[in-house]
Every structure is written in structure tokens, then in C-alpha cells.
Amino acid sequence: MGEIAYHLFFSFISSVTFAVLCNVPKKAIFTSGIIGMIGWIGYFEMTKHGYGVFLASLVCSLLLAVAAQIAAHRFKMPLTVYFVPGLVPVVPGITFYDAFRTLLLGDYSAAGFVFLNVGYAAVGLAVGLVTADILCRYLLIPSIKRLSTK
């Protein structure tokens, strides 16, 4: 339980900090942090249960994008206000750094493996974002609009 609380806390802090740096409107900062927590916990749980980087990034991005779409629709703000700060905890920046460090140290096969993991993570994030956008645009948002007009 303590490990999950640790991950929840720091994913929230990283998302909120990036939201402040990007001048996200004050009323959207807390929600951006919650969305970052949702995405990171999805990624953390998937990797904890042995799923690969691609699938973990895909699920994380789906969770992030759907939560951001719902928040953007609910609070009538642009999607990027919620999605970009929420994406910060899962961007494979330190993995990319490790790949270059390993490459410069001369371990080419290990560097190639780490670069592949960075690529898998990036593609997983992109595919999840596009998939969630399509799902939300054609299924979720019209359903919400139908329910709110009744």
C-alpha cells in the first residue's frame, strides 16, 4: 500500500508542477494532477504485473486520454490543458538518457535494447492517444451529450 501511495503522490506532484510551468489555468491544475495519477498508476500496475513497455504505455495513454477528454468536455477547456501535464510522469525521458549513456559507454547491444524500449513506449503512447481520441469522439462524447439533453 505504501508503494502505491508513493507513486500516486509523486505522479500527482510531477503533473501539477508541469501544469504550473506551462501556465495551465488555475482551476485546471488539480484535475491535471489527478489525470497524471490515473495514467501513471495504469502504467505502474501494467509493468508490475509483467506486461511489456508497449502495452503498459498503450493502456496508460488510453486512460490519460479518456480522462482528459472527459475533463475537457466537463470543464469546457482544451484537451491539451489536461493531457500534456498528465503525460509528464510517463514520458520515457530517463530511459532515453540511459540509452544514450549506455551507447556512449560502448555497450551497443544494451543501448539498442534500451532504444527499442523507448521506441515501444513512444509508439504505445501515440497509439493510445489516437485510439482514445477516436473512441471519445465517436462513442463517449455523443453518449454524454444524449444523456445530458434528456
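Which residues does S15 touch, not counting residues up to four places away in sequence? In this predicted model, S15 touches S32, G33, G36, P85, G86 and P89, where contact means heavy atoms within 4.5 Å. S15 is found in helix α1, which covers residues 2-21, helices being DSSP runs of H or I with at least four residues, and strands runs of E with at least two, both numbered from the N terminus. At 0% relative accessibility, S15 counts as buried, since buried means under 20% relative accessible area, exposed over 50%, and partly exposed in between, with a 1.4 Å probe and protein chains only.

Because the model is predicted, local features need pLDDT of at least 70 and side-chain atom pairs count only at pLDDT 80 or more, whereas totals for chains, interfaces and linings use all residues. Residues are numbered from 1 along each chain as its sequence is written, and side-chain values use heavy atoms, with hydrogens and water left out.

The protein chain contains six helices and zero strands, so that its elements, read from the N terminus on, follow the order α-α-α-α-α-α. Along the principal axes, the C-alpha atoms fill a box of roughly 65 × 30 × 30 Å. Of the 150 residues of the protein chain, 37% count as buried, and among contacts between residues at least 6 apart in sequence, 64% join residues at least 24 apart.

The largest nonpolar core has 28 residues, of which I35, Y82 and V90 touch the most other members; such a core is a set of buried Ala, Val, Leu, Ile, Met, Phe, Trp, Tyr and Cys residues joined through side-chain atoms within 4.5 Å. At least two residues of this core are supplied by each of α1, α2 (26-48), α3 (53-75), α4 (79-87) and α6 (108-149), and α2 gives the most, with nine residues. I35 itself touches L64, A67, A68, A71, Y82 and G86, when residues up to four places away in sequence are not counted.

The protein chain carries 10 positive and 5 negative side chains, with the centres of the two sets 24 Å apart; Lys and Arg count as positive and Asp and Glu as negative, while His and the chain ends are not counted.

In an unreviewed UniProt entry, the annotation "domain: Threonine/Serine exporter ThrE" covers residues 8-133, although such annotations may be inferred rather than shown by experiment. The end C-alpha atoms of this span lie 25 Å apart, and the span is 85% helix and 0% strand.

Key:
Charge placed at Lys NZ, Arg CZ, Asp CG, Glu CD.
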